Amino acid sequence: MMRWKQDDYAGWGGVMRAHGRIARPERVITLTELMAETPAPAMGARRSYGDTALNGDGAIIDMTRMDKFLSFDAETGLLEAEAGATLGDMLKTFGPKGWMPAVVPGTGFVTLGGAIANDVHGKNHRMAGSFGQHIESIQLLGADGKSQRISLKRNAPLFKATIGGLGQTGVILSARIHLAKCPAGTMAVEERRIADLDSFIDALIASTATYSVGWVDITGSGVNLGRGILEEADFANGTFRKPRRTKKVPLNFPGFSIKLFVKAFNWLYLRRASADGRNRERALTDFFFPLDRILNVNRLYGKKGFHQFQCVLPDETARAALQKMLEEANQSGLCSPLTVLKRMGSGRGGMMSFPMGGMTLAIDIANKTKAQALLARLNDITKNAKGRVYLAKDSSLDPMYLREMYPELADFRKIINEADPEGVFETNMTRRLNIRGKS
Ligand SMILES: Cc1cc2nc3c(=O)[nH]c(=O)nc-3n(C[C@H](O)[C@H](O)[C@H](O)COP(=O)(O)OP(=O)(O)OC[C@H]3O[C@@H](n4cnc5c(N)ncnc54)[C@H](O)[C@@H]3O)c2cc1C
């Protein structure tokens, strides 16, 4: 039977690419056989922007067909699901029954395995912590071909190296996740304009809403630097609606249109909230996954693709560092409208988890010649501000910065090198950033 297929594939940003063997098993038994013959790292829906889910010239297991819900306790909200199940499907299936994932990122297409391996965060991070903090246990297939259940009680070090561990401890087959109460099918969303960066930071700190997110208009400069729209939301009391139809971006957009696209988008966005702000009720999927209605939204950046840079900065340094970052981004002319500013709490589930108390900024950057210089600058500002770059998005970090940004790196290395001495779960990213510490 043909189980492996040679193919080209890429991270979500389309810049980092790979060619290699891909298998898409549907059942645990097939996966176990594949792994016995060719041990390989796993990938989910490849919604990570850079190279964390790529294994160039090697083999990789695509987990998206292993997407079944295995059991659900309607009393406690404990769900067991295969690793390829998506968070969007969890919301769609269990939302109407009053339950949903406690943490969802900005797209519903991510898989349970991918959400664990990057310990993802949502717009409620201050309140709910990170995704991995809601995982009861994980069924992990190791490099030795054996599968075991791990949790905080059973093998806590391996559990904490698996959450946020970029797939380096093995293939997550399934996990038990504590869903949170989902009281309604709609959100009450308040949007208001914010004049500048300082006011934005103050407003995010002062916000008492369960969900909050800032959309910064990157075209604002001078006194307008950091202006944008603050969105705050809590559950309303509407019922579940059928999701609206998705639309496709049929072709890669030509590169030259980016500038216009950015300007038009920003102009429209800033006018969405009138000077007095606006309140509206939105379906849960529209609120949580605003871009998911446009399939292949990444094509808007053209064939050459784009980078996403995301950092988190501690409160003490955040204002000055964000000011510099927004100035650099604005002057480069390379950045997209989708610049997102959020407040983070300190909750994190694993040794290599991204979250840190402070402010987090995410910027899309078109893949033009000057992009590398801008990324290097943003990475430097982050490091000097004692912040951290998010590996789920990274394409450009200096490997030397890793230890400072991720203080538990040495302990993590020990665990993964023991669990996988031959490095069968290494990916393009772990090699690029020397995450194993071998060279
Ligand atoms: C539009 C958009 C919005 C986003 N918003 C947010 C956000 O708000 N917050 C946030 O935190 N992130 C956000 N992200 C990033 C995204 O949540 C993460 O990159 C997530 O990890 C992607 O999951 P995936 O299933 O696509 O995994 P992939 O990207 O395919 O893989 C990610 C990592 O997980 C590993 N992996 C995947 N499955 C398994 C498995 N079964 N076993 C072991 N390892 C596995 C891979 O090896 C890789 O290291 C966003 C991404 C997009 C495209």
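**Entry 1: ground rules**

I am working on a predicted model, where local features need pLDDT of at least 70 and side-chain atom pairs count only at pLDDT 80 or more, while totals for chains, interfaces and linings use all residues. I number residues from 1 along each chain as its sequence is written.

**Entry 2: the chain overall**

I listed 13 helices and 20 strands for the protein chain, taking helices (H or I, at least four residues) and strands (E, at least two) as DSSP runs numbered from the N terminus. I then checked the radius of gyration, which is taken over C-alpha atoms, against the globule rule of 2.2 Å times the number of residues to the power 0.38. With 439 residues, a compact globule would come near 22 Å, and the 21 Å of the protein chain agrees with this. The C-alpha trace spans about 60 × 50 × 45 Å along its principal axes.

I found that 49% of the 439 residues count as buried, where buried asks for 20 or more other C-beta atoms within 10 Å of the residue's own, exposed for 12 or fewer, and partly exposed for a number in between, with C-beta atoms placed from the backbone. For contacts I used C-beta atoms, placed from the backbone, within 7 Å of each other. Among contacts with a separation of 6 or more, residues 24 or more positions apart account for 75%.

**Entry 3: helix α10**

I went back to α10, which covers residues 371–384; its 14 residues reach 20 Å from the first C-alpha to the last, close to the 20 Å expected at 1.5 Å a residue, the rule being 1.5 Å times one less than the number of residues. I noted Ala-371, Leu-374, Leu-375, Leu-378, Asn-379, Ile-381 and Thr-382 as buried. Seen down the axis of α10, these buried residues fall within an arc of 160 degrees, so they line one face of the helix; the arc is that of the directions from the helix axis to the C-beta atoms. On the other side of α10, I found Ala-373 and Asn-384 exposed. The cover over the buried residues of α10 includes β17 (306–313), α9 (315–332), β19 (358–366) and β20 (388–389).

**Entry 4: helix α6**

I next took α6, residues 197–206, where Leu-197, Phe-200, Ile-201 and Leu-204 are buried. They cover an arc of only 95 degrees around the axis, which puts them on the same side of α6. An α-helix has 3.6 residues a turn, so residues three or four places apart point the same way. Asp-202 and Ala-206 are exposed on the face of α6 turned away from its buried side. Over the buried residues of α6, I recorded a cover that includes β11 (186–194), β12 (211–216), β13 (228–235), α9, β18 (339–344) and β19.

**Entry 5: around the ligand**

Of the 33 residues around the ligand, Gly-44, Gly-113, Gly-114, Ala-117 and Gly-167 come nearest. At least two residues of the shell come from each of β3 (42–43), α3 (112–117) and β10 (171–181), and α3 gives the most, with 4 residues. I sorted the shell by class into 18 nonpolar, 13 polar and 2 charged residues, with Ala, Val, Leu, Ile, Met, Phe, Trp, Tyr, Cys and Pro as nonpolar, Asp, Glu, Lys and Arg as charged, and the others, Gly among them, as polar.

**Entry 6: single residues**

I looked at Ser-332 in helix α9, which counts as buried with 20 C-beta neighbours inside 10 Å. Not counting residues up to four places away in sequence, Ser-332 touches Lys-370 and Leu-374; Ser-332 and Lys-370 are 38 residues apart in sequence and 7.8 Å apart in space, C-alpha to C-alpha.

I placed Glu-408 in the loop between α11 (402–405) and α12 (409–419). Leaving aside neighbours within four places in sequence, Glu-408 is in contact with Met-351 and Met-352.

Last, I noted that Asn-155, although not a glycine, has a positive phi of about 65 degrees and lies in the loop between β9 (147–151) and α5 (156–162). Most residues other than glycine have a negative phi.

How values were computed. Contact = placed C-beta atoms within 7 Å. Near = placed C-beta within 6 Å.
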